Amino acid sequence: MTSTLTYDVVVSGAGITGLAAAHTFANRGYKTLIVDREQSPNTTGQLGADIRTVALSPVATQQLQEFGVDLPSQKGSIDRMHVWESDGSSSITMTANEVDEPHLAFVYENKGITTALKSRRHDGLEMNLDARVTAVDPHVRSLEIDSIGDVQTELLIVAEGSTSSTCQLLGSSFEIDQDLQARAIATIVKTDTKHQNSAWQVFGPTPLALLPLAEPNMLSLIWSLPMDVVAATMELPDSEFRGSLNQACEHVVGTVTDVDQRLSFPLRQRLIADFNPLPWVLILGDAAHTLHPLAGQGVNLGLEDVRAVEAVLCERPPRINNPNLWRTFNAKRKLRAATMVQLMTFFSSIYAQESPYMRLIRNMGVRWVNDNKGLKRQLIREAMGIGRVASVL
């Protein structure tokens with residue numbers, strides 16, 4: 001008869017949010033197991049960089065460093081962001097100087113962050129990256145994990161990403177579930193001018209973002225396209241793809257001279273109905289909330305979830321699965337995530353309208369925000385996760 005293994009915490013999902021959650025509990029002395037059987041494909045392109053990148057706010061970067069993690073030295077820094085509308089007459093420029101910070105964010109290769117987090121080991125932290133949760137018994141806090149067997153835990157953390165199989169086992173539902181009828185194309189581009197630590201974001205029929213990497217003329221691209229054109233765009237020869245891209249970004253970064261292989265993924269926005277569906281279960285990160293990638297807030301929002309978990313642990317609860325322990329956490333995190341999802345829905349709907357009158361109103365609004373220094377400062381701080389709203393939620 002196989003014996004049942006016992007842990008204080010089981011974390012399912014070894015992405016950035018799941019790894020950060022596992023370190024948080026292990027640092028506080030909880031016997032923690034992290035499992036994940038999803039083996040990420042090799043996304044290192046011909047230009048030498050991981051095509052999957054992540055923009056981390058300074059507070060998120062500091063959070064990871066506090067685990068004792070040696071973050072990659074190879075990173076880009078965003079000191080300035082320029083946002084404009086395609087064919088529009090006004091724009092917003094946000095700089096780190098406006099909020100008295102050295103940087104707005106840092107751009108890392110995704111595999112560099114996950115590798116660093118996996119390499120940092122603690123007493124009481126076990127990793128099995130060839131296992132997944134296959135069954136959940138909600139009545140006795142029991143899990144079936146393939147290649148391990150029966151596991152009993154005081155707390156289960158689900159951080160598996162937007163297609164979480166464990167959420168399906170739990171019967172979790174979504175309060176918001178929007179199919180955006182679009183796909184994103186991700187790649188790395190080279191330009192004939194230096195990016196000067198600037199990020200660029202254009203809204204319009206095909207919104208895109210360009211984020212600076214460590215190399216002075218290399219940027220990470222996320223380009224959102226409707227379903228009826230994305231397949232053809234993916235199949236374009238590099239020369240034609242560069243031409244379409246240069247036209248779409250209006251040469252704001254000079255001329256794109258080289259592009260790497262392209263990845264594509266569907267776009268959805270989701271919000272889980274309950275971050276704490278059972279007293280002993282928490283759902284974090286993309287498993288709980290999925291945003292349009294142009295927001296650049298997906299991983300940051302997941303790490304905010306982890307910081308909110310740590311705030312509860314700081315209160316030294318006698319048991320980490322008390323029936324009401326996580327209900328305030330659930331309410332605050334749902335409100336924060338819902339605000340972000342609804343904000344992106346608002347921007348998408350506003351910029352989808354091509355009426356000249358709507359364009360005039362948008363340009364007037366953008367110009368007003370750019371000229372209102374106090375409001376713009378607050379918006380920058382909220383996006384960095386250090387504003388009044390972000391601090392409360």
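A residue is taken here as buried when its relative accessible area is under 20%, and it is in this sense that the term is applied below to a model that is predicted. By that criterion T17, whose relative accessible area is 11%, is buried. T17 lies in helix α1, and, once neighbours within four places in sequence are left aside, the residues in contact with T17 are A159, L284, G285, V299, G302, L303 and V306.

Two packed helices are described by the angle between their axes and the distance between the axes. For α1 and helix α7, which spans residues 298-313, the axes come within 9 Å and cross at roughly 15°; because angles under 35 degrees count as roughly parallel, α1 is roughly parallel to α7. The crossing of these two helices, α1 and α7, is right-handed. On the side of α1 the residues that take part are I16, T17, A20, A21, T24 and F25, and these meet V299, G302, L303, V306, V309, E310 and L313 in α7.

Helix α1 also packs against α3, at an angle of about 20° and with the axes 10 Å apart, which makes α1 roughly parallel to α3. In this case the crossing, that of α1 and α3, is left-handed. The contact brings I16, L19 and H23 of α1 together with N110, I113, T114, L117 and K118 of α3.

Helix α3 itself comprises residues 110-119, and its buried residues are N110, I113, T114, A116 and L117. Viewed down the axis of α3, these buried residues fall within an arc of 160°, so they line one face of the helix. An α-helix has 3.6 residues a turn, so residues three or four places apart point the same way. The elements against which the buried residues of α3 pack are α1 (16-27), β3 (53-56), α2 (58-65), β7 (105-109) and β8 (125-128).

Just after α6, the residue E250 takes a positive phi of about 55°.

Attention then turns to charged side chains. In the whole structure, a search finds 12 salt bridges. One of them joins the side chains of E175 and K334, with a distance of 2.5 Å from N to O. Because E175 lies in strand β12 (residues 174-191) and K334 in helix α8 (residues 327-352), the pair ties together parts that are 159 residues apart in sequence. E175 counts as partly exposed, at 49% relative accessibility, whereas K334, at 16%, counts as buried.

D177 is partly exposed at 40% relative accessibility, while R270 has a relative accessible area of 17% and is buried. Both residues belong to a network of salt bridges in which D177, D179, R268 and R270 are linked.

A further salt bridge, of 3.1 Å from N to O, is formed by the side chains of R327 and D274. The two residues come from distant parts of the chain, R327 from helix α8 and D274 from the loop between β17 and β18 (281-283), and they are 53 residues apart. R327 is partly exposed, with a relative accessible area of 32%.

R270 is also among the contacts of A288, a residue found in the loop between β18 and β19 (289-290). At 0% relative accessibility, A288 counts as buried. When residues up to four places away in sequence are not counted, A288 touches R270, L271, I272, F275 and I283. A288 and E160, which are 128 residues apart in sequence, are 9.4 Å apart in space, C-alpha to C-alpha.

Notes: Residues are numbered from 1 along each chain as its sequence is written. This is a predicted model: local features need pLDDT of at least 70, side-chain atom pairs count only at pLDDT 80 or more; totals for chains, interfaces and linings use all residues. Side-chain values use heavy atoms; hydrogens and water are left out. Buried means under 20% relative accessible area, exposed over 50%, partly exposed in between (1.4 Å probe, protein chains only). Helices (H or I, at least four residues) and strands (E, at least two) are DSSP runs, numbered from the N terminus. The arc is that of the directions from the helix axis to the C-beta atoms. Contact means heavy atoms within 4.5 Å. A salt bridge is a side-chain nitrogen of Lys or Arg within 4 Å of a carboxyl oxygen of Asp or Glu. Axes are lines fitted to C-alpha atoms, for helices over the stretch in contact, and angles run from 0 to 180 degrees between N-to-C directions. Angles under 35 degrees count as roughly parallel, over 145 as roughly antiparallel, 65 to 115 as roughly perpendicular and the rest as oblique. A crossing is left-handed if the near helix is turned anticlockwise from the far one by less than a right angle, and right-handed if clockwise.
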